[in-house]
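Have the viewer open while you read.

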Amino acid sequence: MTPGGGPAPGSGTGVRPVGIDELLERVRGGYRRIEVREAHEAARTGEAVLVDIRYAALRERDGLIPGALVIERNELEWRLDPQGSHRVPQATGHDLRVVLICNEGYASSLAAASLHQLGLHRATDLVGGFQAWRRAGLPVEAVEAAEA
């Protein structure tokens with residue numbers, strides 16, 4: 001049963017389970033994803049907030065995007081909900097343009113869909129994630145430099 005009392009998807013009710021590839025296609029169809037150069041420019045001009053949702057080991061290994069907020073995936077909704085008591089100062093309203101960045105652009109798609117459910121209708125994610133940013137030669141700094 002679902003929390004609403006209905007049968008759980010795939011529980012013999014005739015509802016076909018959805019695989020991750022189909023789920024990604026569905027959620028990505030609900031918003032426009034952003035390419036690295038556009039994301040860089042939007043952050044540079046203050047039009048968007050970049051949010052790095054990668055876990056610590058990846059940040060330590062590969063570095064950080066200067067100026068990006070670091071909010072790990074498991075805290076994302078609590079930190080970016082403009083109505084939430086645990087929000088970051090940047091979570092100023094539902095019109096906030098948030099660009100989520102994971103390692104390769106998969107987890108961030110699901111996270112963007114979750115933010116849309118909270119009313120953050122301009123949330124999107126970076127095509128190719130952090131790895132695409134780095135391949136494009138855009139700024140990256142070591143974790144130690146960022147913490148100094």
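Helix 1 and helix 5 cross in a left-handed way; left-handed here says that the near helix is turned anticlockwise from the far one by less than a right angle, and clockwise would be right-handed. This is a predicted model, where local features need pLDDT of at least 70 and side-chain atom pairs count only at pLDDT 80 or more, while totals for chains, interfaces and linings use all residues. Residues are numbered from 1 along each chain as its sequence is written, and side-chain values use heavy atoms, with hydrogens and water left out.

The axes of helix 1 (residues 20-28) and helix 5 come within 9 Å and cross at roughly 50°. That makes helix 1 oblique to helix 5, oblique being whatever is left after under 35 degrees (roughly parallel), over 145 (roughly antiparallel) and 65 to 115 (roughly perpendicular). Axes are lines fitted to C-alpha atoms, for helices over the stretch in contact, with angles from 0 to 180 degrees between N-to-C directions. Helices (H or I, at least four residues) and strands (E, at least two) are DSSP runs numbered from the N terminus.

Who touches whom? Contact means heavy atoms within 4.5 Å, and the two sides look like this:

| Helix | Residues in the contact |
|---|---|
| Helix 1 | Ile20, Leu23, Leu24, Val27, Arg28 |
| Helix 5 | Ser109, Leu110, Ala113 |

Just after helix 5, Gly119 takes a positive phi of about 95°.

Now the cores. A nonpolar core is a set of buried Ala, Val, Leu, Ile, Met, Phe, Trp, Tyr and Cys residues joined through side-chain atoms within 4.5 Å. The largest one has 19 residues, and Val51 and Leu115 are among those with the most contacts inside it. Strand 1 (49-52), helix 4 (76-80), strand 3 (98-101) and helix 5 (107-117) each supply at least two residues of this core, and helix 5 gives the most, with three. Ala132 sits in helix 6 (residues 129-135) and counts as buried because its relative accessibility is 12%. Leaving out residues up to four places away in sequence, Ala132 touches Val36 and Val127. Ala132 and Glu104 are 28 residues apart in sequence and 7.2 Å apart in space, C-alpha to C-alpha.

Definitions and conventions
Buried means under 20% relative accessible area, exposed over 50%, partly exposed in between (1.4 Å probe, protein chains only).
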